[in-house]
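Good morning, and thank you for joining.

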Amino acid sequence: MRVYGRKILEEALRNNVPIKKVFFQKMKNPGSYFLSLVKQVEDRGIRYSFESEENLRRLSGTKKHQGVVFDIQEYRYSSVEEILESKTPPLIVILDQIQDPHNLGAIVRTSVGAGANGIIIPKDKSVKVTETVVKVSAGTVFRAKIAIVTNLARTIEELKERGVWVYASDVNGTPIYEEDFTLPTAFVFGNEGEGIRRLVKEKCDRVLTIPMENDIDSLNVSVSVGIVLFEAVRQRRMKRAE
């Protein structure tokens with residue numbers, strides 16, 4: 001996988017992502033931040049070279065490479081068990097056949113910012129971690145735990161057996177401000193066009209909705225994830241402060 005950008009390289013180094021090689025741009029006055037990245041790469045024994053701007057543009061396919069292009073191994077996915085072990089009480093995002101890599105990247109960044117345990121996606125008809133997801137997430141995908149499962153409905157049943165409350169986010173349901181998210185919680189968000197599949201929704205404990213002030217059918221899924229997750233964060237902080 002080939003990605004680019006200074007911040008993304010910094011995230012990759014911070015999270016010990018296996019890097020095959022880094023291509024830096026030749027610069028007359030590179031600046032201290034750029035030089036610190038070069039030093040980190042050199043100190044870790046990672047292969048690197050200095051290239052012309054034209055060559056970096058060719059390698060990355062864009063002018064927005066920020067002087068850094070690098071190759072990494074394929075993304076390492078986590079297991080559901082690893083997601084459950086990472087924090088108590090769990091806060092989990094489940095995505096039912098999200099297909100836009102820009103949405104997944106934005107959801108990953110929001111989930112990391114909210115301190116969620118991880119993200120669960122189905123094997124079929126779902127976007128996986130791509131170069132675009134890495135870029136849109138600003139490299140935070142390297143901090144995230146993402147699990148791929150064969151059967152989302154069965155995974156929801158298993159989470160419920162482990163004491164996790166599973167909520168479906170939809171246009172018709174209980175307002176999110178009326179539910180208690182301080183318990184072990186998982187939120188399910190549906191496909192950009194069709195929403196959550198019927199069988200998946202039926203496996204959830206309850207259906208939630210984000211109250212709207214005006215007549216709008218729905219929000220972009222990445223926006224919905226942010227609103228719901230940070231409502232859970234707000235409730236948990238208030239509980240800790242009591």
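**Pockets, a helix and a strand residue**

The second largest pocket has a volume of about 300 Å³. A word on the source: this is a predicted model, in which local features need pLDDT of at least 70 and side-chain atom pairs count only at pLDDT 80 or more, while totals for chains, interfaces and linings use all residues. Residues are numbered from 1 along each chain as its sequence is written, and side-chain values use heavy atoms, with hydrogens and water left out.

By pocket I mean an open set of points on a 1 Å grid over the protein atoms alone, where a 1.4 Å probe fits, with protein on both sides within 12 Å along at least five of seven lines; lining residues have an atom within 4 Å of a point. Points are joined across faces, edges and corners, and a volume is the space filled by probe spheres set on them.

The second largest pocket is lined by 15 residues, and Asn15, Val17, Tyr75, Arg76 and Phe142 lie nearest its centre. Its lining has 7 nonpolar, 4 polar and 4 charged residues, where Ala, Val, Leu, Ile, Met, Phe, Trp, Tyr, Cys and Pro count as nonpolar, Asp, Glu, Lys and Arg as charged, and the others, Gly among them, as polar.

The largest pocket holds about 460 Å³ of space. Of its 22 lining residues, Ser169, Val171, Ser218, Leu219 and Ser224 lie nearest the centre. Two or more lining residues come from each of β8 (165-175), β9 (185-190) and α9 (221-241); β8 gives the most, with 3. Helices (H or I, at least four residues) and strands (E, at least two) are DSSP runs, numbered from the N terminus. By class, the lining of the largest pocket divides into 8 nonpolar, 10 polar and 4 charged residues.

Let us turn to helix α3. Which residues of α3 are buried? In this helix, residues 53-60, they are Asn55, Leu56, Leu59 and Ser60; buried means under 20% relative accessible area and exposed over 50%, with partly exposed in between (1.4 Å probe, protein chains only). They share one side of α3 because they cover an arc of only 125 degrees around the axis, taken from the directions from the helix axis to the C-beta atoms. Exposed Glu54 and Arg58 are on the face turned away from the buried side. The cover over the buried residues includes β1 (2-4), β2 (19-25), β3 (47-51) and β4 (68-72). After α3 comes Gly61, with a positive phi near 80 degrees.

Finally, Asp71 is placed in strand β4. Asp71 counts as buried because its relative accessibility is 15%. Leaving aside residues up to four places away in sequence, Asp71 touches Met1, Arg2, Ile19, Lys20, Lys21 and Phe23, contact meaning heavy atoms within 4.5 Å.
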